Every structure is written in C-alpha cells, then in structure tokens.
Amino acid sequence: MKIWKYGDNINTDMLFPGKYTYTCSTADEIKPHLLEDLDPSFSKNVKKGDILVTGKNFGCGSSREQPVIGLKAVGIKAIVAESYARIFYRAAINQGLILIECPEAVKAFSEGDHIELDIDNGKIIVGENKFSFPKLPKEILAIRDAGGLLAYTRSKLKKK
Amino acid sequence: MDMTFVEKLLAEYSDNKDVIPGQIVTVHPDHLLTHDNTAAIIQKITNELKEYGVHSKSLSIIVLDHVIPAASEKTAVNHKVIRDFVRTYDIKNFFDVGVGVCHQIVVEKGFALPGKIILGSDSHTCSYGAIGAFSSGIDRTEAASLMLTGETWLKVPNSIKINLQGKLQFGLSAKDMILHIIGDISASGANYCSVEYHGDVGQLSLDDRFTIANMGVEMGAKNAVFLVDDITTNYLNSIGISRSSYKPVFPDKNALYSKELEYNLSEIEPMVACPHSVDNVKPVSDIAGLDIQQCLIGTCTNGRLSDLRIVAQILKNKKIHPDTRLLILPASKNIYEGALKEGIIETLVRAGGIILPPGCGPCLGAHQGVLAPGERCLSTANRNFKGRMGCKEAEIYLASPATVAASAIYGKIIDPRKEMKK
Ligand code: SF4
C-alpha cells in the first residue's frame, strides 16, 4: 500500500483538468488523466488500497465528480485530509468514496509512516500515534451503506 | 430562537420551527440548474427516467453554455443528447447555445428570487445570493437524483457576517473588493459556511453583488448572500417581477455568527489574484509592468453590461497593444444586444477586441482561447488554477474589467485609474 501525500488547496483542475470535462465521464476515460497536472506519476503507479493524505481544502474549485469517480475506480481506500471543499465532500459521499477529516493525523504523518484505518469506529493510526475522527451522521451513512446516492435513490423510488 | 439568513430559510424549507448549524435537513429546492453536463447527468439514470420520468418539468433549468458552439463531435453529441432529453420530457426551462452563461440566465430570466433555494451542478451556483436566494453547488450524481426525486439533504452551515464599511474609491469595483476579501480570508476561510454581507452595501449595484456572490465559492462558502433592499426589488421590477411574488428572508437581530469580519472599502486598491490560487492576491502596483499575451473580459463573474461599459470607456479611440490579444464575452445575448445598441461592441472591435459568443468561452480551457506554455492571461474570470485555461505551463491573473481593459492597451498589467475619466 502506498501513501500519496499532497499539500493544501489541491483544486479540481489539478485533480482532473477542466478541458476534459465534456469528453471524459466514464471511469476508463477518466483514469489516465487523474491528478494529471498535480502528479503525472499518479495514474501510472496508483494501486488498489492506496491512501491519499492531503492538507486543507482538498478538492476546492469546480463541481467536478470525475476525480471522485476516478479515485474510487483505481481503488483508493480513503482520503485523509485536514479539510475538504464541500462540493467534493458531497460528491465523495454520493460515490461511496471514503473521506476522513482529521487534521491531527495529517500533521503527524511523515514520509514512510504506516497508516491503519478503522473506518467504522472512527480510528486512524499514523506510525505510532492513534487519532479519532467523528462518525458520519446517520443520514449520510444511509447513502454510503446503500452503495452511493443513486443506489439509495433507486431503492427509495421502488418503495414509493 | 434568533436565526441567521440560512438557518431561517432552511428551517422554513424543512418544516422545522428552528434549526442549528450541523443539523441535516431534507429540502425540496425550487430549481435545479444544469448545463452542458446535463448529458452526463441523465446518462446515469437512463433506466430510471424511462420508468419514473422526471420529478417535475419545471424544476430543471438547463443552459447550454460551456462549450458552445460545439468544439468537437463529442461535444456536439452532448448537446444533441440534451436537446432530445428536453423534448422527450418536456423540460420547461431550456436555453440553447447562444442565450448566455447559465448563472446570468438564471438571474436574468427571473428564476433567482429572494428566499428561494436553487441548487446546481456548477460551483458558481452560489451567485444568486446577489438576489437574496440561497443557492449552492452540488455534483452531477446529486443532480441526477434530484431530477428523479426533487429532494435532497443539506447540512445547516455556520454563518459568517461580513461587514462592509466606507466607500469604494474612484476606479475601484466590486471585483477589487472581493479579491481583497478572498486574499484576506483565504481560499478555505469560509469553508462550509454561509456568508452574509452587511453594512454599506447600498453602493453596490445588483451587478456588483452578482460578482461578489459569484466568488463566494472561491473562499469555500456554501452560499454568499446580500439581503433584499431597494436595489434588489428595483432590479426584479425591471425584469417584470413584482414585489408580491416573493418573500425575502432576513436574519434575526440576535442571530449567532461563527465569525464577524469588517472591511474598510475606502482602503482598497486595484487588486490582482496571481497564479495559481484565487487567494494569492496582490495590489496591482506590486506586479505592474508584467507583460500579458491574452486579456479576457467576460464570464459569469464580469460579463455584464455595466462591465462592458467601463471597458468601452477605457478603450474608446484606443488600440490594444500588438503583443496581446483581447477576448470579450458578453454574459448573455441580452447583454450583447444592449452593448450593440450602446455602440460598445463597435468600440471594442475597433480597439482590436475579438467578440466571442455569449457563453463560458475560454474560462474552462476547452476552446476559444486556450493558452500556450509560458503565456500569461489577465482575466476577469473567477479562477486562476493551474491548467484552468487548458495549459498547465501558462499563468492566469484575475482582475477587474477596468484593470484588464487598461492593461490591454499596454500589453502589461497596469493600474487602470490613469486611463479612466472621473
Ligand atoms: S463562465 Fe467560467 S466560471 Fe462561469 S459558469 Fe462558465 S466555466 Fe464556470
């Protein structure tokens, strides 16, 4: 498992350039361009189970769910950030990509540290240090547990 | 309990007596905005649409603006798919290529009303706070779900009160003011929050408020709002909407704000956001003289008639510098027509400007003015992220229409005040 570390204010254009937004929408079209302007090595080397550790305001900028779909599709286990931009946060909930907001854990992380996650219990271990993060509200867990927003909506429509 | 603007509005929409920050509520927004991304949105729910149809024919507002006219076969097919959807499901509020930038259309056609909720699959949906609406950006999947169900959840945000004091000086604009504020607050300074503008807001026209609310998302805000006053009601009157057709929401006197900030507008100078983040803001005087290869005037931030008037005043009987290009995008067909009538277009074309169709143009880097490596663009848009205008080795600087127009004459970034008549 590799940990990809990036800084503050990583915006949607760095995660997935705007010029592709009307030509790429499926996971396969998105994958080669993931993080293209931030870290060209990412899309070639990322593996299932990898974790992203980033600073403040991750995903700021446009309403752009391609990076979320792409990160989910390449198998990113979770993103651990100091904070997220809100549209990105919502998009991640809607796609079932796991986001952890834990500034202490990000600050404690240094190159080479191992990270262990216990998502259901809100625990994260970085190297030798243990941190906790708040559980998601039940309304949001319901969406995640259904397998994302569209699956959730489908089951609601069926019940009607 | 005393509540802020957003608390009061979300309480009403969720049938709660009161709400508190952090609470999750279910709401039925009045409108859902989507644009060229509508094709990708409806492709997610092809089967559900067949089975259940759309929740409401009048919920959606669809505007084709991002890549217009189509730049490739793929974008042309996108547009076609959207037109077919509009026809099949009898979508009431559809605006085809050439009508304008989506946010301008929502305001211009009277969809944005005080006290309403509008969500949109575009981050600058926050613009309608200019009219006293609650509006915010969502993603494509959520837009798809809203088309089917008409409802979604919102977390009640904390509120920040920004108190504007004093008067903007000659030659200064709402753009300089909002760049100054974002430079101070930072790109994440209002994350998840509802921003309310208070104080000496009477000097800000509806266009000014639009520019300021539009950039709310650049400080991370969920929404940014001006409370309804005569300027709002006069504007709505001017587009044929009477005072009796909406119900403004005002915060209570003792509402609780998570932060209160004050800015003295009389101290603000012409400002520029430097690469590659919107909060990297400096006074123009700090970087004056920097050469620029492309100037862009327009977008949902600054493509209104009042902006074009200032630009035309500065460029009247002048020529742009031969080492730079000037692209101009009226934000809507209406604005384009107004500019034609006032002779603005003639002035701009004579000065060497290239008029692009009302839409997003090069703002998102897909077409119509993509930059080359090493080039610099001075733009009135709202975002200067690396790669935003199609090339990651190019630089984007953001400024007011006056600064961009004056700089076009010299091919260098300059303080516009010396080119303006009092
Ligand atoms: S003009 Fe630019 S910022 Fe505005 S909606 Fe279009 S692409 Fe987005």
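This is a predicted model: local features need pLDDT of at least 70, side-chain atom pairs count only at pLDDT 80 or more; totals for chains, interfaces and linings use all residues.
Local features need pLDDT of at least 70 and side-chain atom pairs 80 or more, while totals for chains, interfaces and linings use all residues. Residues are numbered from 1 along each chain as written, chains are lettered from A, and side-chain values use heavy atoms without hydrogens or water.

Me: What makes A:Tyr89 and B:Lys155 part of the lining of the largest pocket?
Reply: A pocket is an open set of points on a 1 Å grid over the protein atoms alone, where a 1.4 Å probe fits, with protein on both sides within 12 Å along at least five of seven lines; lining residues have an atom within 4 Å of a point. The lining has 33 residues, and A:Tyr89 and B:Lys155 are among those nearest the centre.

Me: Why is the second largest pocket said to lie between domain 1 and domain 2 of chain B?
Reply: Domain 1 (5-263) and domain 2 (270-419) both give residues to its lining, so the pocket lies between them. The bounds come from an automatic or database domain assignment.

Me: How many residues line the second largest pocket, by class?
Reply: Nine are nonpolar, ten polar and eight charged. B:Leu172 and B:Asp208 are among those nearest the centre.

How values were computed
Ala, Val, Leu, Ile, Met, Phe, Trp, Tyr, Cys and Pro count as nonpolar, Asp, Glu, Lys and Arg as charged, and the others, Gly among them, as polar.
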